[in-house]
Structures are given as C-alpha cells and as structure tokens.
Amino acid sequence: MKAVVTVMLKEGVLDPQGKAIAQALHGLGFAAVGEVRAGKRIELELAETDPARARAQAEEMARKLLANTVIESFRVEVA
Amino acid sequence: MRAAIIVFPGINRERDLAIALERSTGRAPRMVWHKETDLAGIDLIAIPGGFSYGDYLRCGAMAAQSPVMGAIRAHAARGGHILGVCNGFQILTEAGLLPGALLRNAALRFLSMDCHLRVERADTDFTRHYQRGEVFRAPLAHGDGNYFADEATLDRLEGEGRVAFRYTTPMGETTPGANRNGSARNIAGIYSENLRILGLMPHPEDLVDPLMGGTDGKPLFDSIAALAA
C-alpha cells in the first residue's frame, strides 16, 4: 500500500517560508492571495496490505520521525 | 576531564570545538564517529555544529536517530554533562533531551554575524567562569535558530532557571533587534532540568584565542575544564 504523510507547522507556529511565498506571489501580481502555509508531503511504499494497519504504521512513523510534534502536525492518507 | 566530540556526517565545527576544549582542559577530546556506541569513561559529550545528514527532513532529525544516540541518552540518564552547539542544540531538541524546537530564522535568512549573549546564571557547571548578567560576544552561523516552545514550557524554563543565555544588545538589553533569529523570549540557550545538558545556537568555541578576534567564549570551556580532574 501507499501512505501519504502531510506534515504542516501547527497553527500559531510562525511559518516564514509561507510568508515569503505569499510575498513573492503578490510580487507576481497575484494580489488576491491571502495567507500561505508551506509543508511537506512524504510518500511511503508499505508492504502492509490492510489499510487500517498501514495507517497505524504510517502514523507511528510520523510521530517518531517524520513530524516533530512540538511544532508540526501531520495527516496520513492511505491508498 | 575527558571529553568526547560526536562526529556526524555533515558536521563541520568539530575541530573548532576540539581546539576550544583542548585549550581549556589540556586534553585532546576523543572524536567519536556516529556509528560508535561506547562512551564509557567520558565526562562531557560535545555535539558540534554543522549540517548533520544534510539537514534532511529537519535540522538534527536524522542525527537524533543515529546509533550513537543510545550511548548519549545513557550518559544523560547517568547525569553526565552534554554540550550541544548550533546543530548540536538542534539534535538535542530532536532527541528530546532538551525541550522545544529550533525553527527557520524569522527573517528567513542564514545569519552569519556576531551576537551578544547575556549570562542568565553563573552558578552552573557551564558558566562558573562568567559573572551573572555578564554580556559576551559570540559568532552566529545558522539558518534555523529560532527557538520555539509553547508558552507553558517557556514559563517552566524561566521558573526553573533553565534559560542559559539570551540575545541582547552589548549593554545587555533584550530588544527585538538583538534577537536576530526571532527566538521566543530572546532565548539563545537552555539547560536540562538537572542543569547538566546545555544547548545553544551561537558558537563560543570560535572565540577562545586573541587570534580568533577575542576570548569571549573561553570562560565557558574553562568552566567545563573544572568539572572533573
């Protein structure tokens, strides 16, 4: 199975990268762009065939390594 | 005083740290490759600055999972001393040995300049050769040094006297301008609960000889040298 882990900075944690992207977009004339937040997408190939177990594995990987839960939140999608 | 310097792939400040430690302790530190797992007989573990594992995923995230970390955790559990500078500080937070995290600098720029640090307490094993409230100069060289922790953690750190150094003006004022990377409450370095682990972003090891332009960082290493015979 494939699991996709999306990691984002938590609400309230300053995202200077997102801010810089927003400024650059405004500079390009995309004046209607409001807040921009940037994160990471990590794709995992898993040997597991059961979706629930695959999700549990990916969530454990996210907690232990893929995300730093002091500053980041994550979402797992399994396909 | 037997010191070990942990060398991860991508680290680049290990020699600076070795020079500073040897100068104060009179003994060359043992260089320990990240795949080693035996740190028996070591008094101080020093984790240098650099870009371990290319800063992949997050600064320090990969190093925090490397083979040597088991021995570092065991050393911490024994009450051993650990000094983490720059990437070393990031590694200690990623490993959970110090609270909080280091975010991208608020202005997004890599900072390569001197800063001024105020010594918040001079009664720890790392600061006995400074005075409380003393301000000293230290080079900064990082892209991700913006200290972050939730308000409750920050309050606890302050309450327990675990803020080691703050970014200030040369006069010791904690202004926003002196806080180049945007760190919470101007925090440049913090201690563990038992005050035996110190992590800081600036590089005191790069000011330990007049030839380097100053000796502002030397008292930190002189304090360490006094730890054990």
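Modeller: A salt bridge is counted when a side-chain nitrogen of Lys or Arg lies within 4 Å of a carboxyl oxygen of Asp or Glu. This is a predicted model, in which local features need pLDDT of at least 70 and side-chain atom pairs count only at pLDDT 80 or more, while totals for chains, interfaces and linings use all residues. Residues are numbered from 1 along each chain as its sequence is written, chains are lettered from A and ligands numbered from 1 in the order in which they are written, and side-chain values use heavy atoms, leaving out hydrogens and water.

Colleague: How many salt bridges does the structure hold over all chains?

Modeller: Side chains of opposite charge can pair when their charged atoms come close. Over all chains there are 27 salt bridges, including the one between Arg128(B) and Asp125(B), at 2.7 Å from N to O.

Colleague: Is Asp125(B) buried or exposed?

Modeller: Buried means under 20% relative accessible area, exposed over 50%, and partly exposed in between, with a 1.4 Å probe and protein chains only. Asp125(B), at 16%, is buried, whereas Arg128(B), at 46%, is partly exposed.

Colleague: Which residues are joined into one network by salt bridges that share partners?

Modeller: That network consists of Arg118(B), Glu120(B), Glu151(B), Asp155(B), Glu158(B), Arg166(B) and Arg185(B).

Colleague: How many disulfides are there over all chains?

Modeller: A disulfide requires a pair of cysteine sulfur atoms within 2.5 Å. The count is zero; for Cys59(B), the nearest cysteine sulfur, that of Cys86(B), is 8.7 Å away.
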